[in-house]
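Okay, thanks everyone, let's get going.

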Amino acid sequence: MIMSEKIIFCKGGGCTAKLGAGVLSRILDRLPKGETDENLLVGYDSRDDAAVYRISDDTAFVQTLDFFPPMVEDPYIFGQIAAANALSDIFAMGGEVKTALNIVCFPEDMDLNILGEIMRGGSEKVTEAGGVLAGGHSIADGGVKYGLSVTGFVDPKRMYANNKGRPGDVLILTKKLGVGIICTANRINEASERAMNEAVASMTALNKKASEICRNYDVHACTDVTGFGLLGHLHEMMDKRLSCEIRAEQVPVIPEAFPYADEFYLTAAAQKNRNHLEEFVKFENIPFAMEEVLYDPQTSGGLLIAAEPSQAEEMAEELRLAGLPAAVIGKITEKRDAEIIVS
């Protein structure tokens, strides 16, 4: 790999660079809605992963974009992670990737070989996802940022929204948590090689296989876990009308994330998540490190699935047989005093 210049890290790379959910909600709530279009099945007002627009009774296109600064030194791996993260929104809606466009911000005085490696990593992930890289847009900027605008197709009768869960649904998570904490430790040279390798393997893994397996079962809701952390995406999934119970010991976590959290290798984004969500969350005898893992922003995280209870264990087993660290982590309940109960 060509590396004549080291990427300069931003203060927060990957999904830790996102604006906080509280700030975004205040802005989005004030935007003019415009006329209602009955074919716009999912828009920004639902806080979902992507927009969905129906073009026929059995076809809708899914549209999303995502980009961010680097969270790893290797530009090729960064390109893979950024692309996998952007592509994930299509899979979270139950769709198939069709086309992608590069989004590039790059300093004019930086070695263009670095940019080439970033885009090579991204291109390979688009191909792996079954899509075609069709172009893109670039601007000169003071820092490196990369991502994709992605379009896919989905059957509107079989798409997954993030807020259609039902009481009794079983919650399944398909990737381990902790990558934000581990990347933070890595930026100050405190992460072990084993922990960072596991985090990179998780972030570069597509959610394509998990999405394909979902189609064999009754899935009522689905989202991917990214910058708002597991608890933030659970909050969106509950949609102010449901509650859920999470079993902390069943949540898959990269083991080294716990001691790193106890050493306070944390991000400002995780604190924003905590500040925004703590009124909705009730912890019952949960260690500090586990709390932080649950608030931790995930870059290219796994799918969070609300599945029909009678099928959930079979589904989780099929996901594990496919090589995914999937686990049943809890269930949705009727609305209670606390929205998210972690025990």
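**Helix α9 and a few buried residues**

So, let's start with helix α9, residues 268-277: the buried residues there are A269, A270, N273, R274 and L277. Why do they sit on the same side of α9? Because the arc they cover around the axis is only 145°. And what covers those buried residues of α9? The cover includes α7 (229-238), β10 (281-283) and α10 (288-295). Keep in mind that this is a predicted model.

Next, the cysteines. How many disulfides do we get? The count is 0. Take C222: the nearest cysteine sulfur belongs to C214 and is 5.1 Å away, and C222 is in no disulfide. Buried or exposed, then? C222 counts as buried, because its relative accessibility is 0%. C183 has 5% relative accessibility, so C183 counts as buried too. For reference, buried here means under 20% relative accessible area.

Last stop, strand β8. That strand runs over residues 219-224, and D224 is part of it. D224 comes out at 1% relative accessibility, so it's another one that counts as buried. And which side chain does the side chain of D224 meet in a polar contact of 2.9 Å? That would be the side chain of S88.

Notes
Residues numbered from 1 in each chain as written. Predicted model: local features only at pLDDT ≥ 70, side-chain atom pairs only at ≥ 80, totals over all residues. Heavy atoms only, no water. Disulfide = S-S within 2.5 Å. Buried < 20%, exposed > 50% of the residue type's maximum accessible area, 1.4 Å probe, protein only. Helix = DSSP H or I, 4+ residues; strand = E, 2+ residues; numbered from the N terminus. Arc of directions from axis to C-beta. Contact = heavy atoms within 4.5 Å. Polar contact = N/O pair within 3.5 Å; in protein donor to acceptor, adjacent residues only side chain to side chain.
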